[in-house]
Amino acid sequence: MVLRTLVNALYTPNIWQNRLDDNIGLIVVVAAVTVVAVHFIIRHINPPLRGDH
């Protein structure tokens, strides 16, 4: 019963009509993760010398 309700909620046509919004959200999430990863690598794994700061 609960599983069928969940499946019906996830596969309604309205969700498929809003795929563009989902893709924009996915792009934002991927960009944010990339920025955080680059920051972590540059500042924590390979930090600059004090004089270059």
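**View 1. Burial and surface of the predicted chain.** Of the 53 residues in this predicted model, 0% count as buried (under 20% relative accessible area, 1.4 Å probe, protein chains only). The chain exposes about 5,200 Å², of which carbon and sulfur atoms supply 69% (Shrake-Rupley method, 1.4 Å probe).

View 2. Three helices and zero strands make up the secondary structure (DSSP runs: H or I of at least four residues for helices, E of at least two for strands). The mean pLDDT (the predictor's confidence in each residue, from 0 to 100) is 76 for the chain, and 62% of the residues score at least 70.

**View 3. Nonpolar patch and Ile42.** Val38, Phe40, Ile41, Ile42 and Ile45 form a nonpolar surface patch with about 480 Å² of accessible area together (residues with over 30% relative accessible area and no salt bridge, nonpolar side chains joined within 5 Å); a salt bridge places a side-chain nitrogen of Lys or Arg within 4 Å of a carboxyl oxygen of Asp or Glu. Ile42 lies in helix H3 (residues 19–45) and is partly exposed, at 45% relative accessible area (between the 20% and 50% limits).

Residues are numbered from 1 along each chain as its sequence is written, and side-chain values use heavy atoms, without hydrogens and water. In this predicted model, local features need pLDDT of at least 70 and side-chain atom pairs count only at pLDDT 80 or more, whereas totals for chains, interfaces and linings use all residues.

Methods. Patch = residues over 30% accessible without salt bridge, like charges linked within 9 Å, V, L, I, M, F, W, Y side chains within 5 Å.
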